[in-house]
Amino acid sequence: MATRTLAECLGHYLARSLYNPAQLAELAGVPRRTVANWLAGSVARPRTWHDLLRVARSLGLGEAETNEVLRAAGFGPLASLRVEVGDKEGAGLIAHWIPSAPLQPVEALAPADAAPLLRSYLVALAAEMARLPAYYPPQVPFTLDRIAQQTHVCAVTSLAPHPADLFPGMRPLPWTQAAARAKRAVVIGHGGIGKTHLLRQEAVSAAQNALSAWPIHPRAEVPLFVRLADLAPLLPGHPRPADTLEAMARAAALQVPTLVAGSAQRLLSALLTQPVYPLLLLLDGWDEVDGALPMRLTLALTHLRSLPATRIVLTSRPEAGYEQAAAALLAEAVVEVQPLAIVQVQRFVRSWFFGRRDLEWSLRAVLRDSPELAQLAATPLMLTMLAILAELGQIATADKMELYNRLLRLVLEGRWRVHNLQLPETRVHAKLRLLQNIAWRLATHTGTWHSQLPAAEIELFIAQLPAAGRLQATWFDSWGGSYGGVLWELTSWDNLLRIETADDQTGKNTAGRGAGSVAQVSFLHPAFQAYLVASYLLARFEEESQDALEVHHLQTGKLEQTEWLQVLRLLVAHARAYPERPARALLATLLLPSVRAAHPLPNHLAVIVGELQAAAVDLPELAPAAATIRDRLLQAVQEPQTELRVRVYSGRLLGGLGDPRPALRDVDALDLVEIPAGAFSLGGDQPSAGEPDVADLPRQSVHLPAFWIGRYLVTNAQYAQFMQEGYEDPTFWPEARALGLWRAGEVLRAEPSPAPNGQLLFRLVWTRTPHVMHWPFDLPNHPAQGINWFEARAFVRWLDARRRSDGAIPVGYHLDLPSEAQWEKAARGPDGRVYPWGNDFAPDRLNWSGQMLHSPTATGSFPQGASPYGVLDMAGNMMEWTRTVYTPGSPYDLDGQPPPSAETPIVIRGGAYYSPAESCRCAFRSTAAAIGRLTCGFRVALAPD
């Protein structure tokens, strides 16, 4: 091979690295001007070889490659370099490639050096891993451990001989449980789902455990956190086991820059070459390794399996070929990170804004207003971005399009902030225009809304857009180094698009890359696609008014698909916030053809007309549709086939416009359903299910006399009638009066008070109104909540007296809360089914945590989830008070129950909007203190005396 110039040689190796010249100079400790001069060819031969070796070491060059660089600069090979007396630094540089003496293991170090060094490393690593990333606002006064939530994972596949032994039922598990069952695991998940945070939490936990009882216990794990993008360039072309261990030590030492240079590397090299303690290798970002480096990395990772007593966790995106990594590591399982549950999101928000309730409620209100944003917030990165907007005071805006714009810009700038760079405004603008065009392409390709299209087609489409060329040009101006293309930037860099493989016949997503699969591109979060389509439409309409071809395209029946609901809702919010802008005219132009059509207005378009009416946006063209809007919205709520979001929005709009159902407005119109006398199967077959101290009742046959139960939960409108009369009458509060919990129209209630870790503590307050839960909890047609058990019991006594005076109560019966046995029979019928509709869980039949709605829905919004007797909302939506006092060891009790105290546990049933599927079974039991649990609703039962 002909000798290249120094500029050619360094340029060649730099192009293969992950660094630009400025980063390389900083990493190597060499002046930036020096590296720039070498690359420009303005310096033929450096004065010394020291800076050259520092750069070669930072690039991860092997001995042969380093010799090539030396020859290009006019020096001899490494073995011929002369080290002056006392030049310890020069000797150390050469020893990186030609070791002069073996490294001493930890146990061979002097005790005065070994113990302090290991302790300093663990302290420094815990501090670094708990540090918030650079994209967090500087004013945030906490570290990662305050907001971190327990990560749940689901087994994608198990490579162990007996998979069921590792993951029984292959159900989602907390990571701590999964990690204990699989010593070596590959953790996959799309961008921003929390893979890196999982490793950071593991590192902090392991370091703190090792430090908790110093001196370190022989079985305590020593964590090493390694970014694979740092490790791969440090490996020679064909790494030997010793090369791998040395590179691992160097890459892990980069995570503790506060330690004296070289000390951490020396310690970690010793731990890897002659392990004294069990090691925890945390390898992050298989998908971030580019070019030919994964081949040498795969070979290097096979060397790690020989390390004794070592636990290994590797993270990757699904599309990066994680099967290869799993095979290289001989992993016992591949697990996928699950989105955050509602409870975790709420704890995260409470922890972030501890003591600042106004900011907390501003973010929670945004999540409740939009199921699309709530789904997006289940991704930790996006939840973090939303919290940052709230921290900056930019989340409370009537214009949801402006909110999405702020969020999208924050996401685009996030990766640049990590590298202490600022994303140029010209690049932001070009990227937003490009994303708008991609979103519009997906939404209108072949006249149908698409969530994904083939990657080859998207790449061809991108190449035709002027913005793509500007993005490529400004990349080199701002960043330098290699560039993987616009689609690479939008997927791997920005976490906005994703590439999946789908079968070319069925279109279903697959994990592998078989011969019959096609790479598909989609938005990582559908909410962004809807926003970008709305902003594209508005921009085109503003540019060309009604002559915009895109608007005419949508006037030909294209809006009939429910995917357009969110696009139109964003335009409605924009029209409400900025009445002077053309959003109103655009909405009228888009909706007018559907309003004039002979067939009924589709449910999702009825929602849009209803929102315009509720927001007092006057569009005379839509008056014919607005005249009957309440009937159309009610029809949408009551039709089982209505899409979830349409049903939710319809119920909320009816709460504001006036729900026409008397059974939800007036206590005198309560709809009671007869439950006939007879035996039924009570209890479950999962004795360990339920909360720790409340398992399912044993399966048994129980006979109950006939009774009646409310078809619906009691609503806010009905409870408001009680507040006008019932709080003042002492006869409705016998238990509360006896315990000193009621006085002159007020009741003592436990109100929530958040703790710094996101958990809820409670304080006692006197009140005469339900706890304020904010919109949409307080809508008239939503379930009554924010009350304790004594208040629910007072309501039914008040209602009993009210209806008895009207002669509406049969002789020998009284109104009360249902017992838990009555509740369970009404929910599951005589055949002992698991859920009200049958034995199989059906996620679309109830409001549970998987819907990510962050609030209850209007009463009766899930008609397809009715029990065999037609009782609604008995699974999900709201937990329900029963009249049963929980007694350990007692199967159930209808009569002669012990009198409750303030802290007496009361049985609650039914699951809630924040509950997992397991908690929505008919047999599932939980308890709540009679004075607390403000997220419980209730229904009325007419039972024998």
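**Entry 1: a four-stranded sheet**

I started with an open sheet of four strands, ordered β12-β15-β24-β19, and its pairing is antiparallel. Strands here are DSSP runs of E with at least two residues, helices are runs of H or I with at least four residues, and both are numbered from the N terminus. Two strands pair if DSSP finds at least two bridges between them.

Which strands stand at the edges? I found β12 (672–675) and β19 (813–816) there; each has a single partner strand, so one side of each has no neighbour in the sheet. From one strand to the next, the twist averages 30°. Angles run from 0 to 180 degrees between N-to-C directions, with axes as lines fitted to C-alpha atoms, for helices over the stretch in contact.

Next I followed β19 to β24 (residues 941–944): four bridges join these antiparallel strands. Leu815 has Leu942 in β24 as its bridge partner.

Then I looked for helices on this sheet. Helix α37 (residues 789–805) packs on it and touches β12 and β19, and the helix direction makes about 140° with that of β19. α38 packs on the sheet too, touching β12, β15 (707–710) and β24; the direction of α38 makes about 75° with that of β15. Contact means heavy atoms within 4.5 Å.

**Entry 2: what kind of model this is**

I noted that this is a predicted model, where local features need pLDDT of at least 70, side-chain atom pairs count only at pLDDT 80 or more, and totals for chains, interfaces and linings use all residues. Residues are numbered from 1 along each chain as its sequence is written, and side-chain values use heavy atoms, leaving out hydrogens and water.

**Entry 3: another sheet**

I moved on to an open sheet with mixed pairing, its four strands in the order β22-β21-β20-β23. Its edge strands, β22 (926–929) and β23 (936–937), each pair on one side only. β20 and β23 are joined by two bridges in the parallel sense, and Glu880 has Gly937 in β23 as its bridge partner. α37 turns up again here: it packs on this sheet, touching β20 and β21 (905–909), at about 80° to the direction of β20.

I picked Thr884 in strand β20. Is Thr884 buried or exposed? Its relative accessibility is 2%, so Thr884 counts as buried. (Buried means under 20% relative accessible area, exposed over 50%, and partly exposed in between, with a 1.4 Å probe and protein chains only.) The side chain of Thr884 reaches the backbone nitrogen of Glu820 at 2.9 Å.

**Entry 4: a loop residue**

Gln851 sits in the loop between α38 (820–828) and β20 (879–885). I checked its relative accessibility: at 11%, Gln851 counts as buried. What does Gln851 touch, leaving out residues up to four places away in sequence? I listed Gln375, Leu644, Pro843, Asp844, Leu846 and Phe862.

**Entry 5: cysteines**

How many disulfides does the structure hold? I got zero, with a disulfide taken as a pair of cysteine sulfur atoms within 2.5 Å. Cys9 is buried, with a relative accessible area of 0%, and Cys936 is buried with 0% as well.

**Entry 6: the whole chain**

I counted up the secondary structure of the protein chain as 38 helices and 24 strands. Of its 945 residues, 58% count as buried. Among contacts between residues at least 6 apart in sequence, 73% join residues at least 24 apart.

Key. Polar contact = N/O pair within 3.5 Å; in protein donor to acceptor, adjacent residues only side chain to side chain.
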